[in-house]
Amino acid sequence: ELFHFNETPVDSFVESSDGSGDHMIPEWLSMSKSLIECTPSSVIELLRSADDRAVANAIKLRQIQMEKELQAQADAHEAALKKERDERDAEEKKAEIKARLT
């Protein structure tokens with residue numbers, strides 16, 4: 001009986017643009033309040049707990065993704081620095097060899 005509609009279903013309410021379905025809003029509000037009041041607190045706690053876990057998991061996954069991105073940036077930066085050092089060392093070695101030959 002909690003979900004029994006006395007009026008035409010949702011389709012007629014959504015399709016009406018003249019405001020004729022406005023009387024259904026208080027009815028839906030009343031039914032939603034009744035549903036909340038009828039739901040055991042243990043179920044509500046379970047849903048809140050599941051919601052909390054879902055948010056925590058989403059945050060954890062985002063943190064892991066950000067850490068991977070930061071590590072990739074750090075690795076790329078380190079590779080660029082190593083390449084610069086290697087090129088500089090090669091130039092120095094080349095200059096040293098040239099100086100020995102002259």
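Me: Before we get to particular residues, what do buried, exposed and partly exposed mean here?
Reply: Buried means under 20% relative accessible area, exposed means over 50%, and partly exposed covers what lies in between. At 48% relative accessibility, E45 therefore counts as partly exposed. Please keep in mind that this is a predicted model.

Me: How much of the chain is buried?
Reply: Of its 102 residues, 4% count as buried. The chain exposes about 9200 Å², and 58% of that area is supplied by carbon and sulfur atoms.

Me: Back to E45, what does its side chain pair with?
Reply: E45 forms a salt bridge with R48, and the closest N and O atoms of the two are 3.6 Å apart. Both residues belong to helix α3, which spans residues 41-101, and they sit three residues apart, about one turn of the helix.

Me: Is R48 buried or exposed?
Reply: R48 counts as exposed, because its relative accessibility is 51% and the cut-off for that class is over 50%.

Me: How many salt bridges does the structure hold?
Reply: There are four salt bridges in the structure. One of them joins R100 to E96, with the closest N and O atoms 2.6 Å apart; these two residues both lie in helix α3, four residues apart, which is again about one turn of the helix.

Me: And what about accessibility for R100 and E96?
Reply: R100 counts as exposed, at 63% relative accessibility, whereas E96 is partly exposed, with a relative accessible area of 43%.

Me: Which residue does E78 bridge to?
Reply: E78 forms a salt bridge with R85, where the closest N and O atoms are 3.5 Å apart. Here E78 is partly exposed, with a relative accessible area of 43%, and R85 is also partly exposed, with a value of 36%.

Me: Switching topic, what is the average pLDDT of the chain?
Reply: The chain averages a pLDDT of 83, and 79% of the residues score at least 70. Confidence is highest in helix α3, at a mean of 94, and lowest in helix α1, residues 10-15, at a mean of 48.

Me: Where does pLDDT stay under 50?
Reply: It stays under 50 over residues 1-5, for which the model has nine contacts beyond four places in sequence. Over residues 7-14 the pLDDT is below 50 as well, and this stretch has 10 contacts in the model beyond near neighbours in sequence.

Me: Why be careful with coordinates where pLDDT is low?
Reply: Where pLDDT is low, the predicted coordinates should not be read in detail.

Technical notes:
Residues numbered from 1 in each chain as written. Predicted model: local features only at pLDDT ≥ 70, side-chain atom pairs only at ≥ 80, totals over all residues. Heavy atoms only, no water. Buried < 20%, exposed > 50% of the residue type's maximum accessible area, 1.4 Å probe, protein only. Areas by Shrake-Rupley, 256 points an atom, 1.4 Å probe, with all protein chains shown as cover. pLDDT = per-residue confidence, 0-100. Contact = heavy atoms within 4.5 Å.
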